[in-house]
Amino acid sequence: MSLPALDSPQWHSSLRAFAWGARSVGSTVLTLVLFATYIGIGALAHDTHFSLAWAMASTAFVWAGPAQIILITTLGSGATVIQSALAVTVSAIRLFPMVVSVLPMMRTPQTKRRHLILVAHLTAVTLWVECFRFLPQVPRDRRIAFIHGLGCGLISVSLISTTIGYNLAANLSQMFGAAILMLTPLAFLFSTARNCRDISDVVALVLGLVLFPVAALLNSGVDILVSGVTAGTIAYGVHRWRVRA
Amino acid sequence: MSYVSEFFGDWHALAILLVAGVFPNQIWRMLGLWFGSGIDEGSELLVWVRAVATAVLAGVIAQIIVQPPGALASVPGVVRYAALAAGCAAFFATQRSIFAGVVCGEIVMLAGKWWLG
């Protein structure tokens, strides 16, 4: 599926733009990855004795796969609420720079902060990656509506698969569970790698992967933050050096 | 238990979801909203923020492979690293197809787990 040209009348109404966003769910492999991942999360929630409403609410309101997996596994293994909350908070730090980098792509001089609240909520890895791919093909004043459509479409697919996984849980093998958990790193890695535009993006990605095991030796509880800020800052340094050269 | 109460489960668990799941994620998103709605698209700060976002995400990827959660922990480390390497090879061999990379990585992981138990 390709989107209408930037000057097409299709973009004159924001409802149409929302619909084009929702339809774009069908043109990305990441939708399949989300579908499978949320089958896994639904099954995990069932096996940990949470209710279906709990699983669905976590998909709709947390809307971050790794955070949900951490939440369910830590609570399931008997951690206190404070311990799980801390583990989830650290894994969620990545959402901050993602939201910060996504919002300027769709802001216009007329945009108020409250217009961007839903976009901020919908922002997770999948949406972040797809923003860089889709938004250049969407007129600026329709980007918020388009992202609302895309994000709501992705959450709907995920709610359906959470429900399917919850109901299938008893029939899923450990092999299947492992395969589903492996999907997240593979899909995150390749979708980010495809989005790399210049050398500093590549440095950030590769260094971020390599530095994590090193930072993990510190066992500080915020290892991801330590390796991420270090690798990101070095990558930025490379960018500055290239601009100057 | 009626269907309705079975669906909702107990309210205590939903309160925990709010405290340990929803708040910790929304705090970062809303901070991003507060901070990001004032920042210019071409600014240098944004270049740094994007690099950090990419590197933190890389850390999340590495963590799942190095310190695997749940059922993934039953897969030997060698197999997890081999799956990642095979996925990368397929990704670059196919002019950066996400689909090829994911499928190849999964096949190697499943084959390895089946082989080594």
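Leaving aside neighbours within four places in sequence, Met182(A) is in contact with Leu72(B), Ala83(B), Gly105(B), Glu106(B) and Met109(B); contact is C-beta atoms, placed from the backbone, within 7 Å. This is a predicted model, in which local features need pLDDT of at least 70, side-chain atom pairs count only at pLDDT 80 or more, and totals for chains, interfaces and linings use all residues. Residues are numbered from 1 along each chain as its sequence is written, while chains are lettered from A in the order in which they are written.

Between the chains, 66 residues of chain B are in contact with 84 residues of chain A. On the side of chain B that touches chain A, H3(B) gives the largest share, 21 residues.

Met182(A) is also among the residues with the most contacts inside the largest nonpolar core, which has 119 residues. Val99(A), Ala187(A), Ala55(B) and Ile61(B) are the others listed with it. The largest share of this core, 15 residues, again comes from H3(B).

In chain A, the axes of H8 (residues 125-134) and H10 (residues 174-195) come within 10 Å and cross at roughly 20 degrees. H8(A) and H10(A) are therefore roughly parallel, a term for angles under 35 degrees. Their crossing is left-handed.

The residues that meet are as follows.

| Helix | Residues in the contact |
|---|---|
| H8(A) | Val125(A), Val129(A), Phe132(A) |
| H10(A) | Phe188(A), Ser191(A), Thr192(A), Asn195(A) |

The residues of this contact divide into four nonpolar, three polar and no charged.

Conventions: Two residues are in contact if their C-beta atoms, placed from the backbone, lie within 7 Å. Helices (H or I, at least four residues) and strands (E, at least two) are DSSP runs, numbered from the N terminus. A nonpolar core is a set of buried Ala, Val, Leu, Ile, Met, Phe, Trp, Tyr and Cys residues joined through C-beta atoms within 7 Å. A residue is buried if 20 or more other C-beta atoms lie within 10 Å of its own, exposed if 12 or fewer, and partly exposed in between; C-beta atoms are placed from the backbone. Axes are lines fitted to C-alpha atoms, for helices over the stretch in contact, and angles run from 0 to 180 degrees between N-to-C directions. Angles under 35 degrees count as roughly parallel, over 145 as roughly antiparallel, 65 to 115 as roughly perpendicular and the rest as oblique. A crossing is left-handed if the near helix is turned anticlockwise from the far one by less than a right angle, and right-handed if clockwise. Ala, Val, Leu, Ile, Met, Phe, Trp, Tyr, Cys and Pro count as nonpolar, Asp, Glu, Lys and Arg as charged, and the others, Gly among them, as polar.
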